[in-house]
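Please report on the helices and sheets of the model shown here, with the cut-offs behind each term.

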Number of protein chains: 2
Amino acid sequence: MALQQDIKVAVDAVVFGYESKGNLSVLLIRRGVDPFKNTWALPGGLVLEHESLEAAVKRELKEETGVTMDYLEQLYTFGKPKRDPRNRVVSVSYFGLVRPNHFKIKADTDADEAKWFPVNDLPKLAFDHKTIFNTAEKRLKGKLLYQPIGFDLLSAEFPFSDLEHLYATILGQDIDRRNFRKKIMSFGFVEETNKIQQVRSGRPAKLFKFNKQKYDALLDNGFYFDIKFV
Amino acid sequence: MALQQDIKVAVDAVVFGYESKGNLSVLLIRRGVDPFKNTWALPGGLVLEHESLEAAVKRELKEETGVTMDYLEQLYTFGKPKRDPRNRVVSVSYFGLVRPNHFKIKADTDADEAKWFPVNDLPKLAFDHKTIFNTAEKRLKGKLLYQPIGFDLLSAEFPFSDLEHLYATILGQDIDRRNFRKKIMSFGFVEETNKIQQVRSGRPAKLFKFNKQKYDALLDNGFYFDIKFV
DNA sequence: ATATATTTGTGTCAATACTACACAAAATAA
DNA sequence: TTATTTTGTGTAGTATTGACACAAATATAT
């Protein structure tokens, strides 16, 4: 066994953008080369020989869209023999969440154009990228239910409503503000600051911050975040 | 970009064996070739060019250990540039759970020997296989808490104590039999049969069965299995 | 300046879910 | 025939969940 093998390894990124209440989008590029020339696709590309998978996906994302991500989580590896019509390509996919308006997106290398699309109104995607996207969306929702994802995303200090809207948007459903706040505060890793912020119209909001130390300590004790109910 | 790339794609399997109360083991092979000749390792090997990842991992497992698995779940893809001292090898890992005594394990191809090891008493492992194993063990425990893993594993009809022991073993802690049974039965996808089985000494046990249809229907409705507490 | 709209902040109560706990029944083994 | 092993079952106290509404603080419109 251990025959000659000619399989390429690629990475693809599903980058979700949370802008404001109800606005969940995903970052796509328009392919500039065949196959699937001019079709929208997830940013990604081949891994370089001495580069880690994480480095590769961040590099491709940067090159193709201009977006820089600190944290991307590995999602799944797609390896069906015919998923790329040219060669055998195994794709290791990653996903992450950012605020779109923190970036000026660009076009570069073999991508013609990069653009945010609302998750509920996607164009046709190249390769098996729709499958990858679906997997990522499911995982994002699932993850939210037992991990305080989103704290990386919010500003260091944020009004509570930011968290509420983030959850409501990703889960695609309303949450009970009182119960949500009670639950989150009960965990103890979100703390009130004594700052107050006035952004929109309405009563000014206290700012809160995420205490990562406390959170990590809890995790070490086998703590299991649980907000299934909200 | 799209430079020449010479990366190999491999698969590795972390197969857990649940035998009886307190006996959780993992299937290893002793490598017959360098590097790491004579060191214990996870079963696995290179993916063939026209073979899916799932097919590859099942084939390698069969060849190296004689174990046939219906269901293996993808775990994680390990791709650090130096994880294999020879070439760049990206490994897509899988994990699963079986009853060890259902198989006669053998030795074959480039594996010298296959053997079950208790998870708490592992030998030194080749490559980064200890990392892979740790990831799998963590995932197995986590999965148990929100999915009825183990029904594939048990006989079609089983006494309730089998489930209890499976959970207790994998979680590595005692469970309250009454509360556990109440909770599982409340889900509605485990049904009592009218058969009775006498195996060990003690009162004979009713046999139960898993109703996969009901389970799948629940999943479709966004149902979230939850037995964190047991 | 005043009225209107918007957003934040907060408590209670009923219903459900969790957890701790012990003993009889049915069989085998000694 | 007695001891041992394993199954099967209910209750009550406690904790968590989820439903629900209105006043406070500000911006915006007239």
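On helix α4(B), the face turned away from the buried side carries Arg178(B), Lys182(B) and Ser186(B), which are exposed. Exposed stands for over 50% relative accessible area, buried for under 20%, and partly exposed for what lies in between (1.4 Å probe, protein chains only). The buried residues of this helix, which spans residues 177-187 of chain B, are Phe180(B), Ile184(B) and Phe187(B). They cover an arc of only 50 degrees around the axis, so they are on the same side of α4(B). The arc is taken from the directions from the helix axis to the C-beta atoms.

This is a predicted model, in which local features need pLDDT of at least 70 and side-chain atom pairs count only at pLDDT 80 or more, while totals for chains, interfaces and linings use all residues. Residues are numbered from 1 along each chain as its sequence is written, chains are lettered from A and ligands numbered from 1 in the order in which they are written, and side-chain values use heavy atoms, with hydrogens and water left out.

Helices and strands are DSSP runs numbered from the N terminus (helices H or I, at least four residues; strands E, at least two). Among the elements that cover the buried residues of α4(B) are α3 (160-171), β9 (190-197) and α5 (212-220) of chain B. Contact here means heavy atoms within 4.5 Å. Asp176(B) caps the N-terminal end of α4(B). A polar contact is a pair of N or O atoms within 3.5 Å; within protein, one must be able to donate a hydrogen and the other to accept it, and residues adjacent in sequence count only if both atoms are side-chain atoms. Just after the helix, Gly188(B) has a positive phi of about 90 degrees.

Helix α4 of chain A comprises residues 177-187, and its buried residues are Phe180(A), Ile184(A) and Phe187(A). Viewed down the axis of α4(A), these residues fall within an arc of 50 degrees and so line one face of the helix. Arg178(A), Lys182(A) and Ser186(A) are exposed on the other side. The cover over the buried residues of α4(A) includes α3, β9 and α5 (212-220) of chain A. Just after α4(A), Gly188(A) takes a positive phi of about 90 degrees.

| Helix | Capping residue | Backbone nitrogen of | Distance from side-chain oxygen |
|---|---|---|---|
| α4(A) | Asp176(A) | Arg178(A) | 3.0 Å |
| α4(B) | Asp176(B) | Arg178(B) | 3.0 Å |

In chain B, helix α2 holds 16 residues (129-144); at 1.5 Å a residue they should span 22 Å, and the end C-alpha atoms are 22 Å apart, which agrees. The expected span is 1.5 Å times one less than the number of residues. The buried residues of α2(B) include His129(B), Glu137(B) and Lys143(B), along with Ile132(B) and Phe133(B). Seen down the axis of α2(B), the buried residues fall within an arc of 135 degrees, so they line one face of the helix. They pack against β1 (8-18), β2 (24-31), β3 (40-41), β5 (73-78), β6 (89-98) and α3 of chain B.

Chain B has an open sheet of 3 strands in the order β8-β10-β9, with antiparallel pairing. Two strands pair if DSSP finds at least two bridges between them. β8 (157-159) and β9 of chain B are at the edges with a single partner strand each, so one side of each has no neighbour in the sheet. Strand β9(B) is joined by 5 bridges to β10 (residues 205-210) of chain B, and Ile196(B) stands opposite Lys206(B) in β10(B). Helix α3(B) lies across β8, β9 and β10 of chain B, at about 75 degrees to β8(B). Axes are lines fitted to C-alpha atoms, for helices over the stretch in contact, and angles run from 0 to 180 degrees between N-to-C directions.

In chain A, 3 strands likewise form an open antiparallel sheet in the order β8-β10-β9. The twist averages 40 degrees from one strand to the next. In chain A, 3 bridges join β8(A) to β10 (residues 205-210), and Pro159(A) stands opposite Leu207(A) in β10(A).
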